[in-house]
Amino acid sequence: MTRVPIRLDGPSLVDGYRAIVGAEPIRLLEGLARRLRGRRVVMVSSTATGGGVAEILHRLVRLMNELGIPTVWEVMPGDARFYEITKTIHNALHGQPSTLDEADRRHFLEVNRRAAGALALDGDLVMVHDPQPVALAGLRRRPGQVWVWRCHIDLSVADPSVWGLLAPHVERHDAAVFSHAAFVPGLAIPSFLVPPSIDPLSDKNRELAPDEEDGLLARFDLPGRRPWVTQVSRFDRLKDPLGVLEAFSMMRRRETAHLVLAGGSADDDPEGAAVLREVRERAGDRNDVSILDLPPDAHLTINALQRGSAVVLQKSLREGFALTVSEALWKRRAVVASAVGGIPLQILHERTGMLVRSIEGCAYQMTRLLRAPDLRARLGRAGHEHVLRNFLHPREAADYLAIFARFDGEVRAIAGVGSSTAC
Amino acid sequence: MSAPASTAGFELVEAVYLQRPTGRHAMNLEDLRREIEAAAPEVLFCHTQMPRLGEPSAEDAPPDDFSTWVRGVVQDAETAERLGFAVQTSHGDLDALRGSLLSALEALPLPVRLRRDAPEGGALTFLSFESIPVPTGLRAENPDQLMRALASLGRVAWFHHLIEEAWWHTGQPLVEWLRTRGATRLADLIERETLSGLAASAIRRRVIRRWKQTSLGRRLVEAGALPEDARREAGRGAVAGLMRRLRERGGET
């Protein structure tokens with residue numbers, strides 16, 4: 001099975017979002033959906049669980065179906081070697097020197113070729129997420145289709161040899177979408193900027209009753225009296241969990257607190273277990289640090305951990321966007337995060353949180369926030385408002401539909417079938 | 001887009017604004033001057049007018065991206081003031097805007113422009129935009145219908161019709177449509193508020209408030225002609241609305 005089943009029953013997402021974001025953004029979505037009436041959309045990614053991309057797609061696919069645009073989500077099948085290769089590609093795109101050889105490149109393209117035969121890619125509009133399925137456009141594209149490549153990764157320091165492998169495949173799409181202007185490489189196709197978003201209705205972000213929150217956290221034996229400083233992230237070197245431990249140790253010389261490092265591994269990340277082992281070794285038998293290896297579906301637990309924290313960290317070395325920042329801001333938490341990738345779009349320094357560039361900076365801002373509950377509350381309120389206006393799913397869905405509408409009109413005009421986009 | 005001048009009605013449209021990277025950056029004031037000189041109209045619009053779409057609660061004229069960068073990153077407050085003034089007084093005229101921005105920057109000699117620069121990681125990234133129109137399904141046949149329809153829409157529709165269409169001269173300008181239908185005072189009010197540089201949400205609030213005030217007499221006359229039941233119902237509605245506003249005001253304090 002390559003198609004991800006999406007539940008379409010239960011309360012309406014459209015109504016739920018309208019209650020949160022108001023009428024105007026939903027009216028825009030409904031208007032765009034009318035422009036795209038009769039079109040079918042296919043989303044393609046490499047995994048259905050773990051990581052921000054899978055989380056976004058679970059909701060966006062359902063939302064688009066509710067809006068009357070038939071949308072399916074295809075996951076490309078891969079093998080262990082393919083995931084090793086794509087992890088290497090991921091790291092190389094984040095600036096690590098590439099170790100790919102010719103056989104790796106051939107295998108990468110061979111898995112794409114097999115996927116091109118296995119996936120149902122017969123929509124009018126196809127959105128391919130991230131590098132893993134990037135070659136599909138060249139292998140399966142039909143005339144009249146619109147193909148968009150959605151890159152969730154920071155490409156600003158990409159290894160040129162690896163980007164050189166991907167770029168010709170990217171340019172077989174009609175357009176490319178990036179999360180931040182700094183991530184955009186030179187391309188011969190139009191590029192657009194669309195920051196990703198979070199779902200305020202999901203288990204990870206919805207409001208929790210106090211007893212529900214207590215129940216979710218009871219099994220972890222976390223201290224009730226000390227304030228928690230929490231980082232929720234995959235166990236990945238680029239999230240710098242060892243740097244978090246060091247910054248926490250510096251802060252602990254001045255303040256009392258408990259560090260929670262909570263995360264898991266995505267299906268397509270074979271390095272996660274090794275990093276988790278390293279973090280556990282470094283923490284040793286400290287009783288002021290809890291390391292929680294969570295399953296991919298621990299959304300409610302993450303929600304409760306973020307809500308229960310005095311300060312939330314995201315001390316990444318590199319990032320695509322770091323949706324965990326918007327999640328924490330949505331819960332009105334004070335956030336300390338690295339000024340990398342898309343984080344400065346979410347954290348406006350001293351207004352919605354604190355941006356840092358070093359371990360010392362992280363320790364300093366943690367200490368400052370732990371000593372100032374009023375400052376934490378002010379940042380939390382402003383952060384919530386910032387996310388409400390800019391980083392919730394309805395805005396991202398509207399951007400994607402607008403891109404589809406823009407190219408759909410162009411493609412149909414070229415094909416001589418008449419444009420449905422005229423107002 | 002809005003209806004052509006030959007038809008009677010005015011179609012109200014909203015839009016999604018897609019940002020596009022240009023690949024251009026400025027690290028100092030000379031870079032900024034050079035980029036502004038060569039920038040496409042969409043780029044200048046994006047950095048000087050799109051901030052007016054801003055937050056729904058915005059009450060004032062939001063700063064443009066150029067003066068924000070020069071003040072906050074380059075830390076040249078005087079040049080930032082001049083750039084801000086150039087944007088505020090350009091009145092939707094692209095050539096005037098470009099000329100005023102360049103004059104503000106060229107007031108500094110080249111070596112000074114080169115010296116006043118951003119720290120590492122502080123470059124100004126130039127963006128462009130594309131507007132994807134979204135029909136609202138609302139169509140007005142006369143000025144009163146137009147105002148009622150506009151009042152039911154949020155800042156995006158106001159930005160599209162008052163700021164974007166006026167800048168690009170696309171569709172039929174809303175103020176012109178009002179004037180050709182005799183609503184000259186309303187058109188003047190909207191034009192004045194639009195040229196003020198205020199955020200779209202602030203223009204919306206101010207115009208609706210004035211429109212309601214000026215149409216109070218006419219609405220009273222209309223209400224007087226209604227049957228007793230309808231008048232009583234309208235009275236209840238007005239009291240309920242007043243109570244709601246008082247409660248909201250109480251909640252704010």
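Glu255(A) is buried, at a relative accessible area of 19%; buried denotes under 20% relative accessible area, exposed over 50%, and partly exposed in between (1.4 Å probe, protein chains only). The model is predicted, and local features need pLDDT of at least 70 and side-chain atom pairs pLDDT 80 or more, whereas totals for chains, interfaces and linings use all residues. Residues are numbered from 1 along each chain as its sequence is written, chains are lettered from A in the order in which they are written, and side-chain values use heavy atoms, with hydrogens and water left out.

Glu255(A) forms a salt bridge with Arg371(A), with 2.7 Å between the closest N and O atoms. A salt bridge is taken as a side-chain nitrogen of Lys or Arg within 4 Å of a carboxyl oxygen of Asp or Glu. Glu255(A) lies in the loop between helix 9 (241–252) and strand 8 of chain A, and Arg371(A) in the loop between helix 14 (359–370) and helix 15 (373–390), so the pair ties together parts that are 116 residues apart in sequence. Helices (H or I, at least four residues) and strands (E, at least two) are DSSP runs, numbered from the N terminus. Over all chains, the count of salt bridges is 51.

In chain B, Arg82(B) pairs with Glu78(B) in a salt bridge with the closest N and O atoms 2.9 Å apart. Both residues lie in helix 4 (residues 77–88), 4 residues apart, or about one turn of the helix. Arg82(B) is partly exposed at 37% relative accessibility, as is Glu78(B) at 46%. A further salt bridge joins the side chains of Glu193(B) and Arg206(B) (2.9 Å, N to O). Glu193(B) belongs to helix 10 (residues 184–195) and Arg206(B) to helix 11 (residues 200–214) of chain B, so this pair ties together parts that are 13 residues apart in sequence. Glu193(B) is buried, at 9% relative accessibility, while Arg206(B) is partly exposed at 35%. A network of salt bridges links Glu30(B), Arg33(B), Glu37(B), Glu106(B) and Arg113(B).

Between the chains, 22 residues of chain A are in contact (heavy atoms within 4.5 Å) with 23 residues of chain B. The buried area, defined as the accessible area (1.4 Å probe) that two parts lose on being put together, summed over both, is about 2000 Å², of which carbon and sulfur atoms give 62%. The two chains share 3 salt bridges. Arg406(A) forms a salt bridge with Glu130(B), the closest N and O atoms being 2.6 Å apart.

The model holds 2 cavities of 30 Å³ or more. A cavity is a set of points on a 1 Å grid over the protein atoms alone where a 1.4 Å probe fits but cannot get out, and lining residues have an atom within 4 Å of a point. Grid points are joined across faces, edges and corners, and a volume is the space filled by probe spheres set on the points. The second largest cavity has a volume of about 50 Å³. Its lining includes Gln231(A), Arg234(A), Phe235(A), Lys239(A) and Leu261(A). Strand 7 and strand 8 (258–263) of chain A each supply at least two lining residues.

Note on methods:
On a 1 Å grid over the protein atoms alone, a cavity is a set of points where a 1.4 Å probe fits but cannot get out, and a pocket is an open set with protein on both sides within 12 Å along at least five of seven lines; lining residues have an atom within 4 Å of a point.
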